[in-house]
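Please consider the structure shown below. The paragraphs that follow lead through its helix packing, its chain interface and its salt bridges.

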Amino acid sequence: MKDAFGSPQSLLVLGGTSEIALATARRLIARRTRTVWLAGRPSPALEDAAGRLRSLGAEVRTVPFDALDTGGHEEALGKVFAEGDIDVVLLAFGVLGDQERAEAEPAEAVRIAGTNYTGAVSAGLVCARSLRVQGHGSLVVLSSVAGERARRSNFVYGSSKAGLDAFAQGLGDALYGTGVHVMVVRPGFVRTKMTAGLAAAPLATTAEAVAEAVEAGLRRRSEVVWVPGVLRPVMALLRHMPQAIFRKLPV
Amino acid sequence: MASPTGPAGSRTTSITGWGRTSPTTARLLRPGSYGEAVAAVRTCGARGGIARGLGRAYGDAAQNAGGAVWDMTGLDRIRRVDAEAGVVECEAGVSLHRLMEVLLPLGWFVPVSPGTRYVTVGGAVGADIHGKNHHVAGSFTRHVRSFELLTADGAVRTVRPGTDLFDATAGGMGLTGVVLAAAVRLVPVQTSLMTVDTERAADLDDLLARLSATDHRYRYSVAWIDLLARGAATGRAVLTRGDHAPLDALPARARRAPLAFRPGHLPPAPRGLPEGLLGRRSVGLFNAFWYRRAPRRRTGELQRLSAFFHPLDGVPHWNRIYGRGGFVQYQFVVGHGQEETLRRVVERIAARGCPSFLAVLKRFGAGGSGWLSFPAAGWTLALDIPAGLPGLGAFLDELDEAVAAAGGRVYLAKDARLRPELVDVMYPRAPEFRELRGRLDPRGVFTSDLSRRLAL
């Protein structure tokens, strides 16, 4: 169960090697979290992540999960919920992909969209159903400011996050009053391995900062969290900017 | 918010404790008879159920996410008042407020009353509540002659003091079964007024000395403490102590209806108040005013019962003043000889500037027999703090460590955030409690958010 400050005792991470997710897990383990499930494709990196969280004192288990294998989601995630209540599900998988390649090879674009959007729709709904039965819990969805307005430089990724973001908001409305809380997190440019080699955008942030914002959002039962917070007014401005001007911005 | 689902007569709804933190959803069912209560327990499903009274437990003790919550206020019959012996037999959903309405005109009063009249008899047993008279009267279950308990097998048992089931249920937070009825011994009174002595204590030392030296002279005793005062004034307080007024203490006019019970009411607190209304500054000003407003020393003042025992009951929904973020109440006890721990905790709260205007210090008498019963001989401090205060969780964890190291404990009826590992340290009989539950309720029919959170 979550305590009065929204600190969970159990956590399920979808995308178990995500740096943002692991930073969040570390933060939550420092409070109340004792049970962590890391769902992801079986790999040394996944086992390594589990080992590092274990050394912080949590009981950590891994579960094979592939965002693209939507047919297997029910079984993989059903197993986790069958073991006990999950207080927080952190939906953190996603790929940035290569925009140039995606434009040249539609199959690559489909892979990005399939992971970031279709996979998340499937996994999100599977988890939502179990959370609903529990009558409590939070589903934290890692969206992105990229979904707020598609940019020339990564619109395939951006459009998949836009879809995910809209899906998560709608799911939050659908679950209102069921005891389940959905929180959409919209970080800006985060310096992680996903963005390694890219020039940092203005207002770039870190996985730790996102983790801190997630923890604060759980405490406040927020529905949308921007990281950093100043992105909220900035993106409101960009969102309403005429296309002709937006196109020329160096973003 | 509510949607009609589940068995007939139940609705799915979002539930919190009095502190309004951690909402979860459950099927709320209001049994109106023993038969309905038995049926509710038998058909509660895999996530179990928990009895709920008037929702005054601050934390998650009367919530059960995804399962059933039984609103016991439908079982509210007063069966028998033995006006000779001073015993009332009533169903569990009867409130102390209702008991006072019925019993005061007969010259009887409830043996123990907490800071609110809006608790049920079932809740009073489940939390083994205490009041301002704990130092002389002990906690509620000491005055219970027997209760009827609906257990997981669907049987209704009569439980008497001196048995394991009694001691597991007294303070057992509803986890051994559903209390359906109880027989409670009463206290005779001549009037419905109180004679009250008020005095100020300049600091914590002064306060503890006054309480230690003179508490035994009063049936009821409590101190409001200013936790925002620092430096030499740390722990300054206002003591209010008293007893039921005898008939001859009343002025002639009041003697015509000496047992009248007329609690007043103010308008309810509005909904949707913003968080942060109760900041350090506003609460600091209030506390300074409240301290100076109290007389240095006044004796024999006549007060209404409701003003003396339940000042907050006059403001319905006062818990809304903390805004949508809600609040937590922190109440702990440490034994005599652990005054240093108490002092350190008070100093840390003062240094941190926790905006608490409802802080109460009391001297407990000997503890009861309940395995998870909270009161124990020593000092208890209770304070309300807005839940949104940054870093509050970690801060209270540190206080817990100090309390546990001193052999003390926190009150489960008020808890919403204790680290589960500390339960067995604070309540050494918790393993026995779990063992009895395992035997009596192997399927875990009686389950609450509190029992899940603390692995009770």
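Which residues in helix 5 of chain A meet which residues in helix 6 of chain A? In this predicted model, helix 5 of chain A contributes Ala109(A), Ile112(A), Ala113(A), Asn116(A), Tyr117(A), Ala120(A), Val121(A), Gly124(A), Leu125(A), Ala128(A) and Arg132(A). Their partners in helix 6 of chain A are Val156(A), Tyr157(A), Ser160(A), Gly163(A), Leu164(A), Phe167(A), Leu171(A), Ala174(A) and Leu175(A). Sorted by class, this contact of helix 5 with helix 6 of chain A comprises 15 nonpolar, 4 polar and 1 charged residues.

The geometry of a helix pair is described by the angle between the axes and the distance between them. For helix 5 (residues 106-134) and helix 6 (residues 155-175) of chain A, the axes come within 9 Å and cross at roughly 15 degrees. Because angles under 35 degrees count as roughly parallel, helix 5 of chain A is roughly parallel to helix 6 of chain A. The crossing of these two helices is right-handed.

Helix 5 of chain A also packs with helix 3 (residues 73-82) of chain A, at an angle of about 35 degrees and with the axes 10 Å apart. The crossing of helix 3 and helix 5 of chain A is right-handed. From helix 3 of chain A, His73(A), Glu74(A), Leu77(A) and Phe81(A) take part. They meet residues of helix 5 of chain A, among them Gly119(A), Ala123(A), Val126(A), Cys127(A) and Leu131(A). The contact of helix 3 with helix 5 of chain A divides into 6 nonpolar, 5 polar and 2 charged residues.

Attention now turns to the interface between the chains. Chain A and chain B bury about 1,900 Å² between them, with carbon and sulfur atoms giving 49% of that area. How many salt bridges does the rule find across the interface of chain A and chain B? There are 5 salt bridges across this interface. Asp397(B) forms a salt bridge with Arg31(A), and the closest N and O atoms are 3.0 Å apart.

Over all chains, the structure holds 48 salt bridges. Within chain A, the side chains of Arg32(A) and Asp3(A) meet in a salt bridge with an N to O distance of 3.9 Å. Arg32(A) lies in the loop between helix 1 (19-29) and strand 2 (35-40) of chain A, and Asp3(A) in the segment before strand 1 (10-14) of chain A, so this pair ties together parts that are 29 residues apart in sequence.

Note on methods
Residues are numbered from 1 along each chain as its sequence is written. Chains are lettered from A and ligands numbered from 1 in the order in which they are written. This is a predicted model: local features need pLDDT of at least 70, side-chain atom pairs count only at pLDDT 80 or more; totals for chains, interfaces and linings use all residues. Side-chain values use heavy atoms; hydrogens and water are left out. Axes are lines fitted to C-alpha atoms, for helices over the stretch in contact, and angles run from 0 to 180 degrees between N-to-C directions. Helices (H or I, at least four residues) and strands (E, at least two) are DSSP runs, numbered from the N terminus. Angles under 35 degrees count as roughly parallel, over 145 as roughly antiparallel, 65 to 115 as roughly perpendicular and the rest as oblique. A crossing is left-handed if the near helix is turned anticlockwise from the far one by less than a right angle, and right-handed if clockwise. Contact means heavy atoms within 4.5 Å. Ala, Val, Leu, Ile, Met, Phe, Trp, Tyr, Cys and Pro count as nonpolar, Asp, Glu, Lys and Arg as charged, and the others, Gly among them, as polar. Buried area is the accessible area (1.4 Å probe) that two parts lose on being put together, summed over both. A salt bridge is a side-chain nitrogen of Lys or Arg within 4 Å of a carboxyl oxygen of Asp or Glu.
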